[in-house]
Amino acid sequence: MGLEGNWRLLDFETEDPRMSLAVGESVFRNKKAGLSPDTLYLWRTVKPVILFPPGSRRELPESAKKGGVESLRTLAVAGHASFCDSGNINFSIALDSRTLNPLIEGEYQPLRSEYRFLMDAFTEGLRGLGMEIKAKPDGIYTEVGNEIATSQPAWLSDILLFQGTVYVSTELKNIRFPPGRAVTSLTAELGRSLLPEEIIGILIQGFERKLNVTLEKSRLTGTERKLAEKLYDCKYSTDKWHFEGKAPFLSLTGETLVALYVANPPTSKCRQLIDRVNKAASSLMDEVKVVAWRRGLGTEQNPAELTPPVLVALAKANILPAVIINGEVKFALEVPSENILRAAIHNPDRFPDLSKSLHGLRR
Amino acid sequence: MEESEEKYFCIVCGQQLLAGTGEATCSYCGKKEEADYICPEDHYVCETCRLASAEDVITTTCETIKQIDPMAIALLLMKHPAIPIHGSENHLVAAYSLLTALKNTGKTAVGTREYERVAQRVGKASGGICGSWGVCGCAIAAGTVTSVVTGATYLSDKERSLALRIASRTLDGIAAIGGPRCCKASVFVTIRLAAEFLDRELAIPVHISADPKPCVFSKWNDECLARRCPYYGS
């Protein structure tokens, strides 16, 4: 790709915040696959929304929920829920976190140092407005502790997706956050009207200065666009994701992921299963990715692919061999026929997920 | 994914496996069968053991193995893919390795009943108990084995003290290493201290010749203590 070392300022506009979230995840996954450069994506939403990381549902501003504001689940492992309207600048940074190591000063605290550094990149530009603000791992705060930006991080080994929002001229007066959390905007703090368009340039300059990079504006690659569309269709446009947190566990680059959990080395039964799955998937090779996970070899055995979380449960329950399609256990302790496997790969939803009954399978 | 291109490595010694030709004996349960993959050092794992649960691997191996070195037994068991890097399975490894070594020395009467008692008691030590209760399941294993072979109860005098003291010393040894937890280091410490204790206090010679250092499990442990651990490195 020849993109290593370059930073991209992503040029992509949509009115649909769900699509913006899909684009953020697509770039993140492609970065992990080595197909994308480090990227800063700044986006806005016309329609007010709440962006909440898993685990922060209880924090959702009640007043906004009552007002019919949509709540959208983000891909994150930490962070607070944020309220966004047309007065916000939302950010999505996908980068190889190892590139930050030489730039981080002071005592290194795993994860927190990276988060604080990236928040500080935005703080650097915003200080030019004449504000006394401080970067923390979970956001940017005024002197009195009011929140002016919020972050929501996610990881794929060393690749960091750092999403969040900067409150520029957000209509916050009717939004009540939970006790102990005070959110403000640049406009409110400075006492003058600011437009997000004015702030975008300031954020970019601060970011370039802090990371010592030059952002080059460019569009999504073909693979990023294709994956973003797929993530939009099967994840971010669905209530199942936003309400239940459930989405197909696709391969890193968006193919149907058929993961096999087998013995190490595979037994004759395991080999038969691998052979049948390969044959069943052979006519769909561009749309399906088959990955074998051998018991006891850890995640390093397939570093270029995502590890289905259910593998841990399978290991604990000693259920092998097993076939996992898009994150759901479809077959366990058996070797289905090639035709059945083909049908399951074509239409995973027609086959039940056995994940909830693993311990019963051994009885 | 092309299965034929895959290379497999011996779980016991790490050497690349060769296509099997003829019968081989399972390094775990001792069963003989036609081998599909075999190690140049003759290590072989039968199909049943490759699919077995942690409990089954530990139980069947300890039923058949003739080894008198508890460290060698523990290392063999922990190399099996059914035994996770962290988890309560390692408590049973420590207990059964000690008990099996005692059985194989011939100096102590150890039979099915003793194994069952140990498994039942040690099984009560859940994963993560070290941090939440302040007692590692491996120390419980050392105390339990001592209790079972001496027949201690809460009414006993010397036997009860022995069980308490071995558990206490083992705990101290585990605590001295520091954290985050490493279940492998806990097993190593337990077996070393328990062997010394049994020899000294009960005159049961338990010899350790296998050296767990350098620790072969380090590469699988994301939280390995590395240089802070006495078993790390060459």
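**Figure 1. Contacts and overall form of chain B.** Among the contacts in chain B between residues at least 6 apart in sequence, 58% join residues that are at least 24 apart. The model shown here and in the other views is predicted. Chain B contains 9 helices and 4 strands, and along the sequence these elements follow the pattern β-β-β-β-α-α-α-α-α-α-α-α-α. The C-alpha atoms of chain B occupy a box of roughly 60 × 40 × 30 Å, taken along the principal axes. For 234 residues, a compact globule would have a radius of gyration near 17 Å, and the 18 Å computed for chain B therefore agrees with that expectation. Of the 234 residues in chain B, 44% are buried.

**Figure 2. The two domains of chain B.** The domain assignment divides chain B into domain 1, residues 3–38, and domain 2, residues 53–228. The centres of domain 1 of chain B and domain 2 of chain B, taken over C-alpha atoms, lie 28 Å apart. Where the two domains meet, 5 residues of domain 1 of chain B are in contact with 8 residues of domain 2 of chain B. On the side of domain 1 of chain B that touches domain 2 of chain B, the residues divide into 4 nonpolar, 1 polar and no charged.

**Figure 3. Surroundings of V45(B).** V45(B) is found in the loop that lies between β4 (37–38) and α1 of chain B. This residue counts as buried because it has 29 C-beta neighbours inside 10 Å, where 20 or more are required. Once its neighbours within four places in sequence are left aside, V45(B) is in contact with I11(B), C26(B), S27(B), Y28(B) and R50(B). P230(B), by comparison, is 185 residues from V45(B) in sequence, and the C-alpha atoms of these two residues are 30 Å apart in space.

**Figure 4. The contact between chain B and chain A.** This contact takes 15 residues from chain B and 18 residues from chain A. On the side of chain B that touches chain A, the largest share, 3 residues, comes from helix α1 (residues 47–51) of chain B. By class, the side of chain B that touches chain A holds 10 nonpolar, 1 polar and 4 charged residues.

**Figure 5. Helix α3 of chain A and its packing.** Helix α3 (residues 112–126) of chain A has 15 residues, which at 1.5 Å a residue should span 21 Å, and its end C-alpha atoms are 21 Å apart, so the two values agree. The helix α3(A) is mostly covered, with 11 of its 15 residues buried; among them are Y115(A), F117(A), L118(A), M119(A), F122(A) and L126(A), together with E114(A) and R116(A). The buried residues of α3(A) pack against the strands β6 (88–96), β7, β8, β9 (147–156) and β10 (159–167) of chain A, and also against the helix α5 (196–211) of chain A.

Figure 6. Strand β7 (residues 133–136) of chain A runs antiparallel to strand β8 (residues 139–142) of chain A, and 4 bridges join the two. For chain A, the domain assignment gives domain 1 (7–239) and domain 2 (256–361). The centres of domain 1 of chain A and domain 2 of chain A, taken over C-alpha atoms, are separated by 36 Å.

Notes
Residues are numbered from 1 along each chain as its sequence is written. Chains are lettered from A and ligands numbered from 1 in the order in which they are written. This is a predicted model: local features need pLDDT of at least 70, side-chain atom pairs count only at pLDDT 80 or more; totals for chains, interfaces and linings use all residues. The radius of gyration is taken over C-alpha atoms; the globule rule is 2.2 Å times the number of residues to the power 0.38. A residue is buried if 20 or more other C-beta atoms lie within 10 Å of its own, exposed if 12 or fewer, and partly exposed in between; C-beta atoms are placed from the backbone. Two residues are in contact if their C-beta atoms, placed from the backbone, lie within 7 Å. Two strands pair if DSSP finds at least two bridges between them. Ala, Val, Leu, Ile, Met, Phe, Trp, Tyr, Cys and Pro count as nonpolar, Asp, Glu, Lys and Arg as charged, and the others, Gly among them, as polar. Domain bounds come from an automatic or database domain assignment. The expected span of a helix is 1.5 Å times one less than its number of residues.
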